[in-house]
Amino acid sequence: MEDDQVESQAWCESVNAEALNDLVENEGVTAQPLPDSVVARLKEVTEKTLIDMAAADPDTARVHESFMAFRDQHKEWAAVSEKTFLAL
């Protein structure tokens, strides 16, 4: 199962890069990050939605709590691994 996830992630990264390249080169798209204010608002809405969904269903709550614990633990690692690597 783990190999399937890694393969799927690699495939998504590959085809997304190809698609972005096609849009920029052939469709005149200018690719840029969303403004910080938009990202912040999306984060707020997402967090509220997830909390509301977790409050409505015990299974969803269990998954949400597990994911959030993982995310909090992973943030420290990502700050010294992926984030650093991607900034090069």
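This is a predicted model: local features need pLDDT of at least 70, side-chain atom pairs count only at pLDDT 80 or more; totals for chains, interfaces and linings use all residues.
Reader: Start with the fold. How many helices and strands does the protein have?

Author: The protein has four helices and zero strands. Read from the N terminus, the order of elements is α-α-α-α.

Reader: What radius of gyration does the protein have, and what would a compact globule of 88 residues have?

Author: The protein has 17 Å. A compact globule of 88 residues would be near 12 Å. For the box, take the principal axes: the C-alpha atoms fill roughly 45 × 35 × 25 Å.

Reader: Which percentage of the residues is buried?

Author: Buried residues make up 7% of the 88. The cut-off is under 20% relative accessible area. Keep that cut-off in mind for the single residues below.

Reader: Now packing. By what are two packed helices described?

Author: Two numbers do it: the angle between the axes and the distance between them. Here, take helix 2 and helix 3. They pack at about 135°, and their axes are 6 Å apart.

Reader: Why is helix 2 called oblique to helix 3?

Author: Because the angle is about 135°, and it takes over 145 to count as roughly antiparallel, while roughly perpendicular spans 65 to 115. So helix 2 is oblique to helix 3.

Reader: Which residues make the contact?

Author: Helix 2 brings Glu47, Leu50, Ile51, Met53, Ala54 and Ala56. Helix 3 brings Pro58, Thr60, Ala61, His64 and Arg71. By class, the contact has seven nonpolar, two polar and two charged residues.

Reader: Zoom in on one of them. Where does histidine 64 lie, and is it buried or exposed?

Author: Histidine 64 lies in helix 3. Its relative accessible area is 17%, so it counts as buried. Leaving out residues up to four places away in sequence, histidine 64 touches Leu50, Ile51 and Ala54.

Reader: And what about leucine 50, how accessible is it?

Author: Leucine 50 sits in helix 2. At a relative accessible area of 33%, it is partly exposed. From leucine 50 to alanine 61 is eleven residues in sequence and 8.8 Å in space, C-alpha to C-alpha.

Reader: Next, charges. How many salt bridges does a search of the whole structure find?

Author: Four. The test is a distance: a side-chain nitrogen of Lys or Arg within 4 Å of a carboxyl oxygen of Asp or Glu. Start with aspartate 52 and lysine 48, where N to O is 2.7 Å.

Reader: Where do aspartate 52 and lysine 48 lie, and how many residues apart?

Author: Both are in helix 2, residues 36-56. They are four residues apart, about one turn of the helix. Aspartate 52 is partly exposed at 41%. Lysine 48 has 51% relative accessibility, so it counts as exposed.

Reader: Which salt bridges does aspartate 72 form?

Author: One is with arginine 71, at 3.6 Å from N to O. Another is with lysine 75, where the closest N and O atoms are 3.9 Å apart. Aspartate 72 and lysine 75 both belong to helix 3, residues 58-80. They are three residues apart, about one turn of the helix. Through shared partners, salt bridges join Arg71, Asp72 and Lys75 into one network.

Reader: How accessible are arginine 71 and aspartate 72?

Author: Both are partly exposed: arginine 71 has a relative accessible area of 28%, and aspartate 72 has 40%.

Reader: Now the ends of the chain. Where is glutamate 25, and is it buried or exposed?

Author: Glutamate 25 is in helix 1, residues 2-27. Its relative accessibility is 58%, so it counts as exposed.

Key. Residues are numbered from 1 along each chain as its sequence is written. Side-chain values use heavy atoms; hydrogens and water are left out. Helices (H or I, at least four residues) and strands (E, at least two) are DSSP runs, numbered from the N terminus. Buried means under 20% relative accessible area, exposed over 50%, partly exposed in between (1.4 Å probe, protein chains only). Axes are lines fitted to C-alpha atoms, for helices over the stretch in contact, and angles run from 0 to 180 degrees between N-to-C directions. Angles under 35 degrees count as roughly parallel, over 145 as roughly antiparallel, 65 to 115 as roughly perpendicular and the rest as oblique. Contact means heavy atoms within 4.5 Å. Ala, Val, Leu, Ile, Met, Phe, Trp, Tyr, Cys and Pro count as nonpolar, Asp, Glu, Lys and Arg as charged, and the others, Gly among them, as polar. The radius of gyration is taken over C-alpha atoms; the globule rule is 2.2 Å times the number of residues to the power 0.38.
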